Structure formats: C-alpha cells, structure tokens
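Visitor: I'd like to learn how to read the strands in a model like this one. Could you walk me through it?

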Amino acid sequence: MNLNRRDFLGLAAGGAGTIVATSALPAFGKDDPSLFPKRGVVERLAIAYHHIHIGLPQPFSVLHISDTHLTAVYDDEPEYLVTFAKKRSKTFGGRQEEALRDSLAWARMNVDYVIHTGDLIDFQTRANLDIVKKVFGEEKALVGSMGNHEFQRRIPGEKVDESSIATLRQYGALSMKLLAETFPFDISLQSTVIKGVNFVTMNQVCGFVTEKHVERFRAEVRKGLPIILCMHCPFFTEELVRASRKYWQFNRKFAHDNAGPMCSWQWKDPVTRDFIACLKSEPLLKGILTGHMHLTASDRFSPTAMQYIVGGNFMFHGEEILFT
Ligand SMILES: [Fe+2]
C-alpha cells in the first residue's frame, strides 16, 4: 500500500465528518468542556516529540497514537455487552472518542500521516466496529495495527488462559475473520511506503511472532527500504518492564524490582527470540513504534533503531515523530 498525504487528509476530514453526522452511531467525539475549559480541544492533548534521522531527501512527520480503548455499544446489543461497556468506560475515563477525534483534528493541522498501533477498541461490539470502519474509511487507510483488545470478545463464560501461548493463539483465531472484514488493511502484516520509508505494521498482539511473520518481514527487508516496525506490544527489555510496573503497581522502588518473568515470555518463545536477535543486527530497521503499556517511554533497541512506546490515547496522549 502506498499512502499519500491527500489520501490521509481526505480520509481524516471525510471520516470524522461522517461520524459526527451519523445519528445511528454513538455520539462520537462529544465534547466535555470540564477538561481544561480555557484550552482549545487540541491544546488538551499530551504530545511527545521524537526525531528519527534516516537521511531522507524530504522530511515528513507522523502522529503516533495507540490504546484509545473505545467502549461504544448500541442499546440493542446483548445486555452483558452494555453492562460491560459501562464498566470499562469508567475504567478509561469515558472520553475516548473525544480523545480520538481531537487527535485526528490535531494531526490534520500538524503532521502528514497517522499511525495507530492498536487497542483502538476495548472489546468487540457492533458500535465499536462501526466506529473503526468510519475512522479508517472503507477504501483509504490510515496506518494501523491490531492490539490485544481488538480480539476481546467478552462472551460470558469464555475464559482465556493468558499463560498459554497456544490458547491465546486459538482465541485470537476466533476473531480473525471479523477483524479482517472490519479493518481495511492486512491485519497480519501490512507494508505502507511513505516517502520512501517502509512502515511495516505487524499483528503480534500477545508479544509473540510467528514463523509466517518472520517470513513476511524478510520479504519486506528485501525491498531495501528503511523500515519502521509498528506493532502493539513492545519488545520488552528490563527497563521497559520496570517502567510498566511503576505505572501499574504503585509504591515500587527500583531496588525492589525484578524484570525477569515478564521479559521471559518473549525471550522463551524461540521464534520471537530469534526474530528479535535478527532485528537487532538489521541495518534497515530505523525505529519501532508500539503502545500497549499506556505510558510514554523510549529505549534503544539496536544500533540503528530506538523503540518508542506511546501513552494511552484514552488519556489524550500521542507522539509526533519527525523523519528526516
Ligand atoms: Fe491498551
């Protein structure tokens, strides 16, 4: 897929406008002036800034967002989904559609493209999936990747053993058809070339890579273009695990921390471990964009690539990345 700025601008303006005008959809982007009332909507965003130097003839910039966690639901959807949506809406602040709308508005004014690295929805409802279709558009595409929450079905009694890779993959497979029909890109791996840079979005929602992904990624390397790998879960390092624990568990001092078990999930899976090792020596890899942690962090991944983790879009977070 080759994306140009006109595609994005047309989609962002047309998509958002359509959403606002469609009464059958939830009230996308309803504004609540109680959040920083004296600031304009785009001034409420928390935008971090990064720079990736590649040596491009023409610079451009992108807005990277992740983890919007939409919790929209129609009244006529099953009661358990309506109840769950109310609970999760409180968890994520209830302003996720507003945050997404404002982020896209900011992007139209300030950058050339938008990359969303997953968890756009919190769980599958018709209303959430309708918003996804509207935001991404039927034919034109923003750059996007799956998050683990795109696969959340929340069917009563359907328990998932998150300690089993095989079970997680089986659970993920149940949603593949629905998600492939909803998102207008290849949800397994998508290449989008922007001004000579190959943005490769990869679905590794549980933090693991399959042999098929490795094979397809190698084909991308053979194109010879600089690569930005976009995916939901970061490749964990001890530093990122510590940062994550600070966010999710309060009152934790550095000296008490042990990053071992969480990292070992990825490190013990041989395909993922070997893929990470190969990537670290891949000179075409110029950066990795991820989310999942709901906090903003960065860490060196390889001699040629930093890994950037962006904070939750549900908290109005995003990051602009300048490519030169
Ligand atoms: Fe998330």
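Predicted model: local features only at pLDDT ≥ 70, side-chain atom pairs only at ≥ 80, totals over all residues.

Visitor: Which strand is joined to strand 4, and by how many bridges?

Guide: Strand 3, residues 113-116, is joined to strand 4 by 2 bridges, and the two run parallel.

Visitor: What is the order of the strands in the open sheet?

Guide: The order is 1-11-2-3-4, an open sheet of 5 strands with mixed pairing. Its edges are strand 1 (46-52) and strand 4 (143-144), each of which pairs on one side only.

Visitor: Which helix packs on the sheet?

Guide: In general, side chains in a regular strand alternate between the two faces of the sheet. Here, helix 3 (residues 96-110) packs on the sheet and touches strand 2 (60-65), strand 3 and strand 11 (317-323). The direction of helix 3 makes about 175° with that of strand 2.

Visitor: And how do strand 5 and strand 6 pair?

Guide: They pair in the antiparallel sense over 6 bridges, with T192 opposite F199 in strand 6. The two strands form a hairpin with 2 residues between them, and K195 in the turn has a positive phi of about 45°. As for strand 5 (residues 189-194), 5 of its 6 residues are buried.

Visitor: Which residues have the most contacts inside the largest nonpolar core?

Guide: They are V114, I115, V200, L229 and C230, in a core of 65 residues. Take L229: leaving aside neighbours within four places in sequence, L229 is in contact with V200, M202, L285 and I288.

Key. Residues numbered from 1 in each chain as written. Pairing = 2+ DSSP bridges. Helix = DSSP H or I, 4+ residues; strand = E, 2+ residues; numbered from the N terminus. Contact = placed C-beta atoms within 7 Å. Axes fitted to C-alpha atoms, helices over the stretch in contact; angles between N-to-C directions. Buried ≥ 20, exposed ≤ 12 C-beta atoms within 10 Å, placed from the backbone. Core = buried A, V, L, I, M, F, W, Y, C linked by C-beta atoms within 7 Å.
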